[in-house]
Amino acid sequence: MTAIAISGAEFLREHLRARMTLAMLVVLPALFVLVSASVLGEFAKALGGSVAGDSASALGAGWAAAFLAGALGFFQVSSSRGADRRLALAGMGAVRVAVARISASVTLGLLISLVAFATLLLAAGVAHPPHAFAAILAFALIYIGIGTLVGSLISDPLEGSLTVAFIFLIDAFSGPGMSGGDGIAQLMPTRKAADVLIAAGAGQGSPTGDWIAVGLAALGALALATIAFWLSARSRSS
């Protein structure tokens, strides 16, 4: 456990030492939240959706967390290939490397969600703060899984980051409130998280079934991310 904690803390510091990462943590949530009420509302109207006002601002915070978490999840994998192999070969083992990696990723996701949530509270406010924060965190955790999975399949930084951005754009503009909600929107992993976040922004509660779906999507994404980290370290140690 000590080795996992030390390695996880080092993985976390590796990302937070980068000035660009720190700048993105502040700038992106502010950008998404401050412009979302008008811009997302206009896009939603054009696409046949209905999100607007406080719900649009809340959804913007969720997408800010998702985009940042997906990008950092991808670079966690793409920048860790050599380090994970060395750690596994040095005796830490692939399982403990994967646990340390996913622990660092979840901590980053929590930090990203806190920043996005704080920006939302300061800029627009929200009627159901606990519901909004839980939904924003779910966005981040789901996109950690997406970014990590993409990073395990695509090694090129440009191609991988563009793939994450492409998935993000499809998810964002086909999701609840942004379109009619039919077709591909039903397959998007953040669909229920978006429903909960839109409802929280509008001052409404969400049914238990939606919360269960959000929890399952987040846990499933983290399980995929952990497996991806484990396979990456394990395959390189054989």
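The side chains of Asp210 and Lys192 form a salt bridge, with an N to O distance of 3.1 Å. A search of the whole structure turns up one salt bridge. The model is predicted. Its protein has nine helices and zero strands.

**The salt bridge**

- Asp210 sits in helix 9 (residues 208-237) and Lys192 in helix 8 (residues 191-201), so the pair ties together parts that are 18 residues apart in sequence.
- Asp210 has a relative accessible area of 13%. That is under 20%, so Asp210 counts as buried.
- Lys192 has a relative accessible area of 25%. This value falls between the 20% and 50% cut-offs, so Lys192 is partly exposed.

**Overall fold**

- Along the sequence the pattern reads α-α-α-α-α-α-α-α-α.
- The protein has 238 residues, and 47% of them are buried.
- Consider the contacts with a separation of 6 or more: 75% of them are between residues 24 or more positions apart.
- The accessible surface of the protein is about 10600 Å². Carbon and sulfur atoms account for 70% of that surface.

**Aromatic pairs**

- The structure contains seven aromatic pairs.
- One of them joins Trp63 and Phe139, with ring centres 4.9 Å apart and planes at 80 degrees. An angle over 60 degrees counts as edge-to-face, so this pair is edge-to-face.
- Trp63 belongs to helix 3 (residues 53-78) and Phe139 to helix 6 (residues 129-153), so the pair ties together parts that are 76 residues apart in sequence.
- Trp63 is buried, at 4% relative accessible area. Phe139 is buried too, at 0%.
- Phe117 and Phe133 make another edge-to-face pair. Their centres are 5.5 Å apart, and the angle between the planes is 65 degrees.
- This pair links distant parts of the chain: Phe117 is in helix 5 and Phe133 is in helix 6, 16 residues apart.
- Both Phe117 and Phe133 are buried.
- Ring pairs also build a cluster from Trp63, Phe67, Phe139, Tyr143 and Phe168. Phe168 is one of the buried residues of helix 7.

- Helix 5 covers residues 94-123, 30 residues in total. At 1.5 Å a residue it should span 44 Å; its end C-alpha atoms are 43 Å apart, which agrees. The expected span counts one less than the number of residues, because that is how it is defined.
- Gly125 follows helix 5 and has a positive phi, near 80 degrees.
- Ser105 lies in helix 5. Its relative accessible area is 3%, so Ser105 is buried.
- The side chains of Ser105 and Gln76 are joined by a polar contact of 2.8 Å.
- Leaving out residues up to four places away in sequence, Ser105 touches Gln76, Ile144 and Phe229.

**Helix 7**

- Helix 7 covers residues 157-174, which makes 18 residues. At 1.5 Å a residue it should span 26 Å, and its end C-alpha atoms are 26 Å apart, which agrees.
- At the start of helix 7, a side-chain oxygen of Asp156 comes to within 3.1 Å of the backbone nitrogen of Leu158.
- The buried residues of helix 7 are Gly160, Val164, Phe168, Asp171, Ala172 and Ser174.

**Helix 9 and Leu222**

- Leu222 is part of helix 9. Its relative accessibility is 15%. That is under 20%, so Leu222 counts as buried.
- Apart from neighbours within four places in sequence, Leu222 is in contact with Ile102, Val106, Leu141 and Ile144.
- Ile144 is also touched by Ser105.
- Leu222 and Ile146 are 76 residues apart along the chain, and their C-alpha atoms are separated by 9.1 Å.

Terms used: Residues are numbered from 1 along each chain as its sequence is written. Side-chain values use heavy atoms; hydrogens and water are left out. Helices (H or I, at least four residues) and strands (E, at least two) are DSSP runs, numbered from the N terminus. Buried means under 20% relative accessible area, exposed over 50%, partly exposed in between (1.4 Å probe, protein chains only). A polar contact is a pair of N or O atoms within 3.5 Å; within protein, one must be able to donate a hydrogen and the other to accept it, and residues adjacent in sequence count only if both atoms are side-chain atoms. Contact means heavy atoms within 4.5 Å. Accessible areas come from the Shrake-Rupley method with a 1.4 Å probe; for residues, only the protein chains shown count as cover. Rings of Phe, Tyr and Trp (its six-membered ring) pair if their centres lie within 6.5 Å; planes under 30 degrees apart count as stacked, over 60 as edge-to-face and the rest as tilted. A salt bridge is a side-chain nitrogen of Lys or Arg within 4 Å of a carboxyl oxygen of Asp or Glu.
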